[in-house]
Amino acid sequence: MTALYAMPGNELFTELLIQRGGHVGHELHLHQFPDGETLVRVESPPAHEDAVLVCTLDHPDPKIVPLLMAAATLRELGATRVGLIAPYLAYMRQDTRFHAGEAISAPIFGALLSARFDWLLTIDPHLHRYANLAQAYALDGRVIHAAPRIAQWISQHVASPLIIGPDGESAQWVSDVARQLDAPFVVAGKDRLGDRDVKVHLHGIDPWKGHTPVLVDDIISSGHTMIEAMRLLASNGFQSPVCIGVHGIFAQDALEKLHAAGADRIVTCNTIVGDTSLIDISEDMVAALATVSSSAPAGPSETATAGAP
Ligand code: R5P
């Protein structure tokens, strides 16, 4: 048996997992003291079963202390194993020391979570310099790919798509999506000059003038990567693109900026639930949860799962 506990803000996604997977949902309460400390209270303790915390990790810093407290408490109260479903996994982009003295955040964050969780399920973490999660996480970490669901959405909503990756790192996602659609794709180059300052270079798109441009990236954060790619497309005579992100973080006013820049449609997966999260990946998460729940306790590993049609 698997008991699911939704961290605040994750109730809708957890409910989908409960409905689709026939799991049991349990209440978890967080009380915030006047001094800002958090008290976690588990309403119904796990009975020698896997306890699973559901917590997507956009804007992670205020979430991490309550999450670690909850994990430790569930284990102490009798969970056989404690798992984490984090549809979006934070801190993966800082996988190297870009400038002298910087933290390499990915393995530091990985060590924090690995100390408290036995396993982790996540959707398309930003694996760039790392080949797999095991390079940053010492737990049974499993990756689910959103490409089949994204391809399915595009096939249902966009005629004659040209899939465009706004930077080299997106090649892994766009090539997968394009292959599943049997559609053409191009990948742009990007120089990041600051948090909100990027330069995108796009070549070789002229042959695809009659197609509908569909920008696909793993993360939309400040939105500037998408906005720069949109500007280039417009200056090359293309119609407004459909913008698709696996994870729609939309920091501050990013969504408004994207609309103002002329995005025809902005769509994301429900790894972070919001107005744009029209691509549902909960079925794939349920399938992966069934696999991890039935597996014996394991050491660090990496399993790629793609369950969509
Ligand atoms: C970067 O490597 C990622 O793949 C995304 O391109 C990036 O996080 C997008 O960030 P922003 O929306 O702030 O340009």
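This is a predicted model: local features need pLDDT of at least 70, side-chain atom pairs count only at pLDDT 80 or more; totals for chains, interfaces and linings use all residues.
Residues are numbered from 1 along each chain as its sequence is written, and side-chain values use heavy atoms, with hydrogens and water left out.

**View A. The largest pocket holds about 1200 Å³ of space.** Here a pocket is an open set of points on a 1 Å grid over the protein atoms alone, where a 1.4 Å probe fits and protein lies on both sides within 12 Å along at least five of seven lines. Its volume is the space filled by probe spheres set on the points, which are joined across faces, edges and corners. There are 36 lining residues, and Arg93, Gln94, Arg192, Asp195 and Ser221 sit closest to the pocket centre. Lining residues, by the way, have an atom within 4 Å of a point. Strand 11 (189-194), strand 13 (212-220) and helix 6 (224-235) are the elements that put two or more residues into this lining. Helices (H or I, at least four residues) and strands (E, at least two) are DSSP runs, numbered from the N terminus. By class, the lining splits into ten nonpolar, twelve polar and 14 charged residues. Nonpolar covers Ala, Val, Leu, Ile, Met, Phe, Trp, Tyr, Cys and Pro; charged covers Asp, Glu, Lys and Arg; the others, Gly among them, are polar.

**View B. The second largest pocket comes in at about 180 Å³.** Look for Leu4, Ala6, Glu11, Thr14, Glu15, Ile18, Gly25, His26, Glu27, Leu28 and His29 around it. Helix 1 (11-21) is joined by strand 1 (2-6), strand 2 (24-26) and strand 3 (28-32), each supplying at least two lining residues. Helix 1 gives the largest share, with four residues.

**View C. Tyr91 has a positive phi, near 70 degrees, without being a glycine.** You'll find Tyr91 in the loop between strand 6 (81-85) and helix 3 (105-114). Its relative accessible area is 31%, so Tyr91 counts as partly exposed (buried is under 20%, exposed over 50%, partly exposed in between, with a 1.4 Å probe and protein chains only).

**View D. Ser160 is another residue other than glycine with positive phi, near 50 degrees.** The loop that holds Ser160 runs between helix 4 (147-157) and strand 9 (161-165). Ser160 is partly exposed too, at 40% relative accessibility.

**View E. Ala290 is part of helix 8 (residues 282-294).** With a relative accessible area of 45%, Ala290 is partly exposed. Pair Ala290 with Ala146: they're 144 residues apart in sequence and 18 Å apart in space, C-alpha to C-alpha.

The protein has eight helices and 16 strands. Its radius of gyration is 20 Å, close to the 19 Å from the globule rule for 309 residues, so the protein is as compact as a globular protein of that length. That radius is taken over C-alpha atoms, and the rule is 2.2 Å times the number of residues to the power 0.38. Of the 309 residues, 53% are buried.
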